[in-house]
Amino acid sequence: QVQLVESGGGSVQAGGSLRLSCAVSARAYSYYCMGWFRQAPGKEREGVAAIQPGRDTTYYADSVKGRFTISQGNAKNTLYLQMNSLKPEDTAMYYCAANRASDCYAWSWSREHEYNSWGQGTQVTVSS
């Protein structure tokens, strides 16, 4: 079983930045498709970004392209989401997720059911 622990959430004003971290317990982490999802109150959970660490291939939702960057840490087993130019509509609970069964693909990376391990989430609140 893969354990994922997010950190780095908080409150920030619009235009500010935050960096989320996800500690991954698995040694085979580089073979997983790793994703960040978010869920705002009253809304469905949506894919924000994903990365295939072994290939360094990345995918982004249109709403965050150019503002968010997903990356893996130099120390390995750590996933990051750098969030810049934050907007009030970015307010949500952010989750780290791992897909241990498949690589990341453009047509599937944002599908919630593709991921089989989830963290507990970290809250991001952006005020106007």
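Me: Where in the chain is Ser85 placed?
Reply: This is a predicted model, in which local features need pLDDT of at least 70, side-chain atom pairs count only at pLDDT 80 or more, and totals for chains, interfaces and linings use all residues. Residues are numbered from 1 along each chain as its sequence is written, and side-chain values use heavy atoms, with hydrogens and water left out. Strands are DSSP runs (E, at least two residues), numbered from the N terminus. Ser85 is in the loop between β8 (78-83) and β9 (92-99).

Me: What is the phi of Ser85?
Reply: Most residues other than glycine have a negative phi. Ser85 is not a glycine, yet has a positive phi of about 50°.

Me: Is Arg67 buried or exposed?
Reply: Buried means under 20% relative accessible area, exposed over 50%, and partly exposed in between (1.4 Å probe, protein chains only). Arg67 lies in the loop between β6 and β7. Contact means heavy atoms within 4.5 Å; beyond its neighbours within four places in sequence, Arg67 is in contact with residues including Asn84, Ser85 and Asp90. Ser85 is partly exposed at 42%, whereas Arg67, at 10% relative accessibility, counts as buried.

Definitions and conventions:
Helix = DSSP H or I, 4+ residues; strand = E, 2+ residues; numbered from the N terminus.
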